[in-house]
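Here is a brief report on a single model. Take a look at the sequence and structure first.

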Amino acid sequence: MTPLTPDNIESLAVTAIRAAAYLDACDDGAKAIRLDPRYYQACGKLLREIFVLLDPSQYFPVLLDQSAAARETAEALRIGRLIDISRLGYYPELTVVLNRAAV
């Protein structure tokens with residue numbers, strides 16, 4: 001994978017901010033925002049993918065402070081990683097079965 005340039009990171013930051021803002025506005029019931037379920041879902045997926053690519057606590061600390069959607073997404077990813085680690089360490093048979101089912 002090619003390393004990200006500062007311009008790439010800046011573009012991803014702007015995208016993450018816009019996605020989180022839409023999610024927050026919809027979740028807060030803003031009257032000026034019309035909820036589009038597909039766009040809402042796309043914003044959530046996009047925010048998740050950006051946070052998988054770049055550590056949100058390192059690259060987006062202000063966004064995490066200001067956006068409930070960003071915090072929830074980062075927390076969900078953190079919990080998912082903990083589950084993966086626990087599953088591998090404590091439930092190796094379950095890991096084998098889940099890997100077979102995923103294929």
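## Phe51

Phe51 is buried, because its relative accessible area is 1% (buried means under 20%, exposed over 50%, partly exposed in between, with a 1.4 Å probe and protein chains only). This residue sits in helix α2 (helices are DSSP runs of H or I with at least four residues, strands are runs of E with at least two, and both are numbered from the N terminus).

Which residues does Phe51 touch, not counting residues up to four places away in sequence? They are Pro56, Phe60, Leu63, Leu64, Ala70, Thr73, Ala74, Leu77 and Arg81 (contact means heavy atoms within 4.5 Å). Leu94 is 43 residues from Phe51 along the chain, and their C-alpha atoms are separated by 27 Å.

## Basis of the model

This is a predicted model, in which local features need pLDDT of at least 70 and side-chain atom pairs count only at pLDDT 80 or more, while totals for chains, interfaces and linings use all residues. Residues are numbered from 1 along each chain as its sequence is written, and side-chain values use heavy atoms, with hydrogens and water left out.

## The nonpolar core

The largest nonpolar core holds 19 residues (such a core is a set of buried Ala, Val, Leu, Ile, Met, Phe, Trp, Tyr and Cys residues joined through side-chain atoms within 4.5 Å). Leu47, Phe51, Phe60, Leu63 and Ala70 have the most contacts inside this core. At least two residues each come from α1, α2, α4 (61-66) and α5 (68-90). The largest share, seven residues, is from α1.

In soluble globular proteins, nonpolar side chains tend to be buried together.

Ala70 is in contact with Ala20, Leu47, Phe51, Leu63 and Leu64, leaving aside its neighbours within four places in sequence. Leu77 lies in α5. Its relative accessibility is 16%, so Leu77 counts as buried. Beyond four places in sequence, Leu77 touches Arg48, Phe51 and Val52.

## How α1 meets α2

Helix α1 (residues 6-27) packs on helix α2 (residues 37-53) at an angle of about 140 degrees, and their axes are 9 Å apart (axes are lines fitted to C-alpha atoms, for helices over the stretch in contact, and angles run from 0 to 180 degrees between N-to-C directions). The two helices are therefore oblique to each other (under 35 degrees counts as roughly parallel, over 145 as roughly antiparallel, 65 to 115 as roughly perpendicular, and the rest as oblique). On the α1 side, the contact is made by Leu12, Thr15, Ala16, Ala19, Ala20, Tyr22, Leu23, Cys26 and Asp27. On the α2 side, Tyr39, Tyr40, Cys43, Gly44, Leu46, Leu47, Ile50 and Leu53 take part.

Cys43 is found in α2. With a relative accessible area of 4%, Cys43 is buried. Not counting residues up to four places away in sequence, Cys43 touches Ala19, Tyr22 and Leu23.
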